[in-house]
Amino acid sequence: MSKYINRRDFIKGAGAAWVLMQSPSVFATAKLLSESTKKPLVWVMLRGGLDPLHTIMPVADPDFAAIRGAIVKPIEDALLPLNQSFSLHPDLPYLHQLYGEGQLSPIVAVATGYRERSHFEAQDQLESGLNQTEHENGWLARALNAYSGDGLALARAVPIALRGEDNTVQTWYPTAFNEPDDDLLARLTSLYSNDEQMGEWLDLAKMQLTATQGMEQKRRTNFALLAKSCGQLMAQQANISCAMLELNGWDTHNNMQGRLSRKFRELDAGLLALRESLGERWKDTLVVVTTEFGRTVAINGTSGSDHGTGASMFLAGGALASNAPDFASAGVANKQVHGSWPGLGKDQLYEGRDLMPTSDTREWIGKALKAHWSLNKRQLAEIFPDISFM
């Protein structure tokens with residue numbers, strides 16, 4: 001059975017527990033970075049269905065301006081060019097910077113095997129990585145088994161993607177307890193002054209308290225703070241090979257222009273925080289950013305878009321630059337927009353309304369795993385059995 005580890009398993013004293021639960025450095029089984037370090041992978045799942053045409057804009061498509069002009073015209077002078085055919089939304093400046101640094105590969109017109117329009121079914125299928133969802137069998141867990149590493153979920157419970165056989169998964173999420181005062185910390189330090197292990201935990205906890213200070217005052221956890229905590233955990237603990245982050249709020253049925261601007265800024269800030277907190281590990285890190293499906297090509301009557309099919313995704317991280325030859329060999333070279341563009345003409349759309357998917361999300365993740373973790377065809381087939389890897 002899968003071994004899901006929660007930080008509460010390591011808490012021995014009530015006072016020490018209170019401090020440890022405030023900090024992301026709470027895993028007693030963690031290995032220090034003095035040991036050999038595996039290459040980190042971080043999956044960012046955008047729940048709600050990211051609109052692909054307002055993210056990676058197909059500016060050279062002859063039908064784009066006519067279909068999306070109403071929401072693109074106010075920002076057209078600020079678009080961030082990727083090449084002659086595509087531009088990023090202006091509220092993704094850090095992603096654009098990564099592209100210029102050779103640390104970003106945008107991918108257009110992708111989808112999983114799912115072809116209906118239910119958020120819940122589509123998300124479950126994306127997490128399982130299978131054409132038929134198995135709720136205790138996730139693609140990231142299978143990849144983790146192939147790489148022989150440990151996983152981390154920045155969530156209150158282990159998500160489907162990290163459920164599987166014979167792998168170790170830890171969870172961390174900020175609590176809503178009040179912050180400790182200096183007097184409590186001093187008394188706990190004194191109490192455990194002769195306990196080397198507990199002393200180390202307390203030292204780590206005190207170092208990390210700043211990552212969650214004030215978070216209990218927020219109704220919704222700030223994604224940048226979650227990403228920062230994720231990076232700190234992975235920077236300190238060599239056994240964590242992969243982590244999963246989630247960002248909700250992409251179901252933009254109305255006022256898409258304003259809502260996506262805010263979400264893009266949130267995503268952009270989170271990826272920057274992840275990089276800064278990972279420190280030296282960033283150069284070996286791969287970040288995969290995906291969503292469960294795309295949205296309709298046409299704008300609806302409330303200036304939004306509805307559930308669709310074809311989507312977009314990103315591969316990012318220092319590994320794309322530091323390990324550029326392997327990624328290029330796998331077919332996901334940096335500083336390129338990947339994927340075959342189907343066009344936006346009426347006869348080119350899926351069911352006459354959606355961006356037509358021309359490749360599978362899992363195919364691109366598999367290519368990235370081949371380059372990043374040196375996984376072979378047999379291992380990739382076990383991770384994504386419904387995809388044929390050449």
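The buried residues of helix α4 pack against strand β2 (41-46), helix α5, strand β9 (240-247), strand β10 (286-291) and helix α12 (361-373). This arrangement belongs to a predicted model, in which the chain has 13 helices and 12 strands. Of its 390 residues, 58% count as buried. Among contacts with a separation of 6 or more, 73% join residues 24 or more positions apart.

**Helix α4 and the residue after it**

- Helix α4 covers residues 119-128, and because seven of its 10 residues are buried, the helix is largely enclosed by the rest of the structure.
- The buried residues of α4 are His 119, Ala 122, Gln 123, Gln 125, Leu 126, Glu 127 and Ser 128.
- Just after α4 comes Gly 129, which takes a positive phi of about 75°.

**Ala 141 in helix α5**

- Helix α5, one of the elements against which α4 packs, spans residues 139-147 and contains Ala 141.
- Ala 141 counts as buried because its relative accessibility is 1%, and the cut-off for a buried residue is under 20%.
- Leaving aside neighbours within four places in sequence, Ala 141 is in contact with Ala 161, Leu 162, Arg 163, Gly 164 and Asn 167.
- Glu 165 is 24 residues from Ala 141 in sequence, while their C-alpha atoms are 7.7 Å apart in space.

**The nonpolar cores**

- In soluble globular proteins, nonpolar side chains tend to be buried together.
- The largest nonpolar core has 56 residues, and those that touch the most other members are Val 44, Leu 245 and Val 287.
- Helix α9 (residues 256-278) gives the most to this core, contributing seven residues.
- Beyond its neighbours within four places in sequence, Val 44 is in contact with Phe 223, Leu 245, Leu 267, Leu 271, Val 287, Val 288, Val 289 and Thr 290.

**Helix α9 and its two partners**

- Two packed helices are described by the angle between their axes and the distance between the axes.
- The axis of helix α8 (residues 223-236) comes within 7 Å of the axis of α9, and the two cross at roughly 20°.
- Helix α8 is therefore roughly parallel to α9, since angles under 35 degrees count as roughly parallel.
- The crossing of α8 and α9 is right-handed.
- On the α8 side, residues making the contact include Phe 223, Ala 224, Ala 227 and Lys 228; on the α9 side, they include Glu 266, Leu 267, Ala 269 and Gly 270.
- By class, the contact of α8 with α9 has 11 nonpolar, four polar and two charged residues.
- Helix α3 (residues 93-100) also meets α9: their axes come within 7 Å and cross at roughly 55°.
- Six nonpolar, one polar and two charged residues form the contact of α3 with α9.

**Thr 285 in a loop**

- Thr 285 is placed in the loop between α9 and β10.
- With a relative accessible area of 0%, Thr 285 is buried.
- Apart from its neighbours within four places in sequence, Thr 285 is in contact with Pro 40, Val 42, Leu 278, Ala 316, Gly 317, Gly 318, Ala 319 and His 372.

- Most residues other than glycine have a negative phi.
- Ala 109 has a positive phi near 55° and is a residue other than glycine.
- Ala 109 lies in strand β6 (residues 104-111) and is buried, with a relative accessible area of 0%.
- Lys 335, likewise a residue other than glycine, has a positive phi near 55°.
- Lys 335 is located in the loop between α11 (324-330) and β12 (359-360), and at 45% relative accessibility it counts as partly exposed.

Terms used:
Residues numbered from 1 in each chain as written. Predicted model: local features only at pLDDT ≥ 70, side-chain atom pairs only at ≥ 80, totals over all residues. Heavy atoms only, no water. Helix = DSSP H or I, 4+ residues; strand = E, 2+ residues; numbered from the N terminus. Buried < 20%, exposed > 50% of the residue type's maximum accessible area, 1.4 Å probe, protein only. Contact = heavy atoms within 4.5 Å. Core = buried A, V, L, I, M, F, W, Y, C linked by side-chain atoms within 4.5 Å. Axes fitted to C-alpha atoms, helices over the stretch in contact; angles between N-to-C directions. Parallel < 35°, antiparallel > 145°, perpendicular 65-115°, else oblique. Left-handed = near helix turned anticlockwise from the far one by under 90°. Nonpolar A, V, L, I, M, F, W, Y, C, P; charged D, E, K, R; others polar.
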